[in-house]
Each structure stands twice: as structure tokens, then as C-alpha cells.
Amino acid sequence: MKLFTPLVIVLSICLSTSAEVRLPSLFGDHMILQQKTSNAIWGWSEAGETVTVKASWGASAKATADNEGKWKLFLKTPEHGTGHSISVRGENEITIQDVAIGEVWLCAGQSNMGWSTGNSFEAEGEAQVDLPNLRLFKSSREHWHEPLEENRDRLARWKLCDPNSAAETSAVAYYFGKTLQQKLGVPIGIIQRAYAGTPIEGWMPWALQKDDPRALAHKESLDANAERQREKQGKTDAKALAAFDVELEQYNTLIDAGETMKNAFRPLAPPIITQPADLGHQYPQNIYNAMIVPVRPYGIRGMIWYQGERNSKNAPQAAHYRKQLPQMIAHFRDSWHEQSAGHVAKDFPFQFTQLPSWNPQQTEPVEGIAASWAVNRESMLLVASEVSNTGMAVTIDTGDAVELHPKNKKPVGIRHALYALENTYGKDIVGSGPRFLKQEIKDSEVALTFDSIGSGLMTGRSGKLDPFAISGEDRKWHWAEAKIRGDTVVVHSPEVKAPAAVRYAWAMNPSGRNLLYNKEGLPASPFRTDDWPLFDLNAELVEVIKPKKPNGYEAADWKRPRMTAVPASNAKVTKRPEDISNAHPTASPPKKSMNAEEANGLAPEVTDLNAEDVSFSLEAQLPDLVEPFINARPNQRNDGIPVAPLTREHGDRRAILKFAREIAAGDHGEVDSFLLMKDGELIFESYYRRGRANYPHYQMSITKSYTAMIVGRAIQLGHLTMADLDKPVVSFLKNIDQSKLVKGATEITLAEAMNMHSGIRIDQAKAKELMKNPAQLKGQGQIEAYLANSTPIPPSPREYKYQGSDPSMTMQVIEAVVPGTARDFIEEELLGKMGITNFAWQDDLSGLPKSAAGSSMRSRDMIKWGMLAMNNGEWQDERLIPVEFVERATSKVHTNPQGTSYGFFWWRHDVEINGKTYDCKSGRGAGGQFILMFPEVDLLVVITAHNKGMGKMLKTVPERILPALIKEQTQ
């Protein structure tokens, strides 16, 4: 039985037993907080004490310490910036200076993640670096047998990036952060958590692994080893912990005395326990307890992971990594999201490093069971394709034939940054190398198709493309002759007349082959087209062999193509706050004049107007975005809209991006936003010109479509019935003097009004005369004026006419039947239910909300209206509108000679693409606002524009989007 001393258990809080407020070292001078969200801040104080945190940007928050003196709160952050300060006040006050707001990434893993810039080939090039807006937090390696509240490393702190801090930081993390900072022009924070020689089992809680046979075997082996160490060597838990306490006291004494270095090269670090084995660093959960728990739930954008060597000693272990990595990702995401109260995205970006090349260079077409790293590379490749919002940096052209810790880390960090720039930050670059999609066998040749080909495929150097192997059903592998033909690679071998499968770079170290790249200089991942077993579980294990290091061996870097997408620093982008938040804006800014946007207002956020300011004329004054915002990985905003990245699984990703770039160039009119939802998830979000993510766009006649849904809500709540739709409008409007109405006016039904078949016809001269006396148009007087001054209403069926009188009658019926006012009903019973809070809905002359045109909605809220219609009136498992009503409202009640149909203020028409007809339901605004729904392929498109008329989007969107996203047409 293990014995744990009370001293150790309470170690994390024993440094301060007074009532003073105290913070972990993560919160200190030069720190960086994630922008435009609410960041967790926590610490300790006297039990029951109220702690107040105030920031120089105006945000504040309070928390009360629990019975153990722990407290946690959430502080709202603005968009990026520097020079801020934070005060933390209880009985005492702590002031944190030089706080930056920007993008924060966690970088974790084993020794190759920890390998420093100063020990890399590129160290000399960073000798003069000065990047104060790149902030670095590196702490010593620690592990523990129970979750730690805080680390013991008292030297860990945030540092500005200079030659010294860069040299000691993980090279992968440094080049990742540096590249992001230079391209985005915002402060970047890197939290480094690396521990050498650690298996993935150590980075996860045991409860997550306890039913995993391989994890159980790993644990049982260490348990047996620990028991032998206790019985035969006398290395008990009590002795280990007592020795640890002594060493920790010595460490603290040195720190208190001002010492920082253990020797000339190594800083002081807290002690660690190596024996018995169950207290060591390879035991399940022990790394997680000390390297993850103490920094969670600090606000982060995403995470970079570089680990896998320790889990690739043999092929079965490497294949098992495919199960373990998604387990760890899911737990990190779920726990971070939960403990941050939802402020860290539930699916935050998670990138990992595919293992580089190691061991002697490949000589066989395919290496067998000894090539365990090839198996692990496949595990990572599969995880990247199966787990959403994940990505992988391919590194087979980096590494070393002898050294397990290669020094060519710069390409690894940059490739991670390029992937993030494309997929997290929506930059128009190629962020990854060619990805295998499918093979087609024709006679003796195999054609291999790829995506992410960028400007085209190429070899890494001059000469033949030679890393491919080909096999028939006999499973005997031969080197293949390979040629690039356009966007494909065609392989064959005279020795394989009937090919069945191809493998690429399937070896421990394929770096000596002439590898496949795209013209942006990014390599293709190793892959195979077969699903043949890679090993026999009943056979004897073959462990990877560590090469012997020859006397005098000196590592040298390898040649590889230049990465053309590597961004250079650009002064202009330092003013570009991209809309990369995962939460709504944190505060309502003060209203001010709108002469021009501020210098930093170039992203799809605007602080100059509030929703109540919106009108067609005011929107016309909104300055255009200096640079469009294109996001193929929409942000999770906790607004009821599920999100997912736009990937090759959806179809032709590059075709969507090409269309978005054409919109940005003005090829399709004055388009302001373009959003796509496929299979119930928002997969693309972009803004241009007057488009803003948090600013409601003026809605013209699409307001009618919303009005129809309000009638449906009244029916769902029992204020109307479906039968009432066929009753005369005047039967609901008791304040109308029916003696003044023209013949036939009392026969107009609510359904006819919503289908634009009221028959009301008023000449323009009469309409202008009526408007000279607006008092007579208040309330139901508006409808009485319509019905008293129209030409006589003919009997049904009447002619269709698109006009404002019919939706106005519909809104008057809503006002008459619902409790309270129509406006309150709209805001509480429909908009409120859908979480639409940032909107405007202007008053008509009658005093009621406008119904023909005049509402304002954000583009993402237009997505919500589309979701409501696509789901037949259901919102998040709540029935808001009867199915029968939605079906009737969006049906073909009337079809005009052009083949376009109209229901209850919703349109419907057929679209023919490549010989196939698709049903399109839509809400339309004459200014260019569209909600386009294609139910049979579960596709929803939102487009807003400010050009006059509809433009060509009704024709263009289906022509461009359907072929790109319908899978059977892209395979």
C-alpha cells in the first residue's frame, strides 16, 4: 500500500498560508490572454474572501474563495493589443504589468517538442531576434502521482521573445509562434509543456484508459517493476517521498537566495521521482497530473502536439496510437471547454507532428514489421482525417539517420503555422502537402489522385519520382516507376501486370528518395492504398533498433524544397484583427460618429453602429472592409449553430475557396457575406465590403419570410389554428369599419395575403395622398385604408402581385391575436428562442414592426432562420412551429409563368445542375439577401449584398456550390 505524506499532498499551497491573494506563475508580467473571449483566472486566498480582478481595458470580475481558499473567475478580453495591466485585489493587491491580448497556443509532447531553438541548426539565425509581441512561457518538466494545482517550478514565467528566451524555447513552438506573429500581426503566446521520454499513457487520466488492454499491460509492467524495486532494493514510496521533500526544500532555499542556475548551462529545476516505477514519469497519468492539470483551463486558441516516438517501439504499439490519440484529444477538448465555462471551444484546433525520418535510409520498396514509425505515421494520418478540426505536419524530409533528436526543427514549426494560417485563421494559402484521395486501376497502371496540391505536384529534386512501391494480389512489393500527370501520379512496374495496391514512402527513413511535394514546397504524407494486415499479433515482436552513433558523428541538415508560402513580416498586417474569436464581443462599445472606421477596424467587427442604428441609408455609410475575411473553419460561438471545418470530405474545398476569392474581387456584385451549412454544420463563413460578423445586415423583402414564421409560432402556441389561415383577415381585425371597405374586401383570407393573392390594387397617386395624413394609418387604420381605397377585390382565384399590403395585413393579424404586442411576441417567442439578440426591426407607419422590408439580421442569424425552416419548425429539439405550417409555407402554392413558385412569403424553384434537378426553397430580399435551402442534399446557403436588385446569385450559387459539395459528383 502506498503511503503519501500530508506534506506532499498540500505542497502546492503550502508556500503561502496567510490570507494574501496569490496567483500561479501563469499569471504575471508580460503574460498574454486569448483575445475576444472570457479568460479563466484563478488563485488562492483566505477561505470566503472576495477577490476582484480589474483590467485596464475596462473589464472586471469577482469570485469568492471556497473552503480551501481556491477561487476562479472569467475576465472578458477585447481584440488584440498590448500595454495593458490587470489588478487582483483581496486583502492585498497584485498588479500585473505589460499584459498582451492576442492568440495563445499550448505546445506539448515529449523530447522533440522540448528540443530547444538554441540546440537546432537554425540557432545562429535567431541570435538577433527581437519580437516583443511573441510571448513565451516555458516550465521545467514535472510529474506527480496526483493532480497538482500548481507547478513547483518557481522560475517559470512569461518572457518577451529575445535571443535568450528564443534559444531556450522549443524550436517547433518558437518557429510556429514566430510565423503566426509575423503573418497575423497580433501578439502570440506560446505555453510550452514538454517532458522527455514520456508515453501518451502518461498524458491522460487513468480513468480514460482503464479498459484499454494495452494501457493495462503497460501499467501492470510498471507496477511489477515498482514492486521489485520495493522488495529487493528497498525503494519504498515513503523513502522516495521523504527524499523528494528534502530536495524540494533545498531547491526552494536556493531560489529564495536568488540562485537560478544549477550549473553554467542548466537552470535550477524542482526535483522529480524516478523510483519506484509507479511514481515515475512513464506511469499512466503522472505526466498529465503535473503538465496539463496546472495550466488548465487557461484561455487558448489551440494546441500543438509532438509525441509518438515512445509509443512506436513496435508495430502493434504504433497502430494502437490511432485509438489513443483521439482519446486524448477528446478529453483535452471536453475538459478545457467544461472548466473554462465554455469559453475555450469544445473543438479547439489540435495539430500534431507526424514522426520524422530515423534509422538508415530506405533501400527496400516497402519495409516490413520493423518499420514501426511508418505504422505510427499512418495512425496519425488516419486521426487527422477522422477527428474534426485536427491537422498534421508532415516531416519525413526532416530527421536524422542516427540521432533520435534531429536538429532540423524549423520546417516542422513553420508547417504547423502554415496549417493553422489556412485552417484556423482562414488565410488564402496552401497549408499542407498533397493528401492522397483515391486510386484508379486501369490495366497495369494505377492513377493516384490527391488534394491540397496547391499550384501543382512536383518532386523534391530533379530526377525520377521514386518513393512508390506497387504490388499485385500476391502482396509482393516492387519499386514502381512513377510520373506526375497533371494533378495525379501514375505508377506501374513491368513486374506487376495486375496491380492491386500502392504504398508511398513506407519506411523508417524514406528521406533519401525523391519525395512528392506540391509546388508550395510541402511534402506528401506516407500512405498506402491497401488494407492488408501490417503485422501478426501472434508473432514475435520486432522492436525498433536504435542506431549506433559512429565516432565523430556530426549531424547535418538535409536539402528540401523552399516553402513558398512562408510569410514575411508585413507592417500592414499588424493592424488586422481577424475575426478569430470563439465568443461574442465582450462588451457593447459606446456609440460614436461613423466618419470612418478606426485603424484597427479592418475585420468583420464594427464598433461604430449599434443594432438600433441600422437602416438602409445608415448601412450605406459603413466603410468597406480593407481586406476580406474568409474562414474555412468557422468559429464556435456557442450560439446554437454547430460548426465544422470545410474539408475534402465535404467535396471540392478549393472550388469553394475560389468562389469566395471571386466574390472578394467583386466578380459577383457587391456581396457582403457568404456562409455555407452542410449536413447540419456551418462549414464556411466569409465577409466582404459592408459585411461584419457581429453587425446586422439590413434585410429587405426577406423580412416577409420571417413574418410568415411568426404566424407559424402563433399557431404552435394556440393563438391561431391551421384552419384560421383560410378565414378572412377582417375577422381578426375588430377595429376596422367594414362599411367603408370596397366590394370583396371582406373575403381576403390570411392564406391569400401570405401568398400575395389579396387582390388589393391602389394607384400610386392615391397611396401618396394617404401618406400625407399618417395619423389615419396608425394601427388597423393602415389596413382599413388599403381595403377602402383599393379597386374592388375580385373573387378567387385572384392574380398574384408582389406588394407591401399583404404582409402588412399579416402583421396586423399577429398583433390582434397574440397576448401583448406583436413586437414583444416576436422578440420573446421566436427571436429569443433562437438566441437572436443582435437585430433591429423597424416600425411601420402603423406602429407595428415592418413586414414587407425593414428588419436587420446578422448573417449567422439568417443561418438560424434557414435551420428553422430546414428542420420543419424545430429548434434545438423544441418545436417552435408546426410541421404542417412550415410545409405549407414553403410549398408551391402559386407558380408563375417563369416556373418560380411562392408559398407563404417563401419562394421555391427547381435548379438543374449537370442534368439533375434539385429542389430549392428560399427566402429572398431584393437588395440581395438570400437564404437558399437544398433539402435533398442538406445544404443551406446565406448570401447578403447591397447591390440593387437580386443580382445573379440565384443562378450562380447553385451552379458553383452544388457541384462542389455533392459528393457523388466529386468522386
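Strand S19 (residues 468–471) is joined to strand S20 by three bridges, and the two strands run antiparallel; strands here are DSSP runs of E with at least two residues, helices are runs of H or I with at least four residues, and both are numbered from the N terminus. Within this pair, alanine 469 has tryptophan 479 of S20 as its bridge partner. The structure is a predicted model, in which local features need pLDDT of at least 70 and side-chain atom pairs count only at pLDDT 80 or more, whereas totals for chains, interfaces and linings use all residues. Residues are numbered from 1 along each chain as its sequence is written, and side-chain values use heavy atoms, with hydrogens and water left out.

S19 and S20 belong to an open sheet of four strands in the order S20-S19-S23-S25, with antiparallel pairing, where two strands are taken to pair if DSSP finds at least two bridges between them. The edges of this sheet are formed by strand S20 (477–479) and strand S25 (527–528), each of which pairs on one side only.

Elsewhere, strand S8 (residues 131–138) is joined by four bridges to strand S9 (residues 158–161), the two running antiparallel, and by five bridges to strand S10 (residues 188–194), with which S8 runs parallel. On the S9 side, arginine 135 has leucine 160 as its bridge partner, while phenylalanine 137 stands opposite isoleucine 191 in S10.

Helix H12 (residues 653–665) comprises 13 residues and should span 18 Å at 1.5 Å a residue, which agrees with the 19 Å between its end C-alpha atoms; the expected span is 1.5 Å times one less than the number of residues. Glycine 666, which follows H12, has a positive phi near 90 degrees. In H12, Arg653, Ile656, Leu657, Phe659, Ala660, Glu662 and Ile663 are buried, that is, under 20% relative accessible area with a 1.4 Å probe and protein chains only. These buried residues pack against helix H10 (410–423), strand S26 (629–631), strand S27 (671–678), strand S28 (681–687) and helix H21 (953–965).

H12 and H21 pack at an angle of about 155 degrees, their axes being 9 Å apart, where axes are lines fitted to C-alpha atoms over the stretch in contact and angles run from 0 to 180 degrees between N-to-C directions. H12 is therefore roughly antiparallel to H21, a term applied to angles over 145 degrees. The contact (heavy atoms within 4.5 Å) is made by Ala655, Ile656, Lys658, Phe659 and Glu662 of H12 and by Met953, Thr956, Arg960, Ile961, Ala964 and Leu965 of H21.

Conventions: Buried means under 20% relative accessible area, exposed over 50%, partly exposed in between (1.4 Å probe, protein chains only). Angles under 35 degrees count as roughly parallel, over 145 as roughly antiparallel, 65 to 115 as roughly perpendicular and the rest as oblique.
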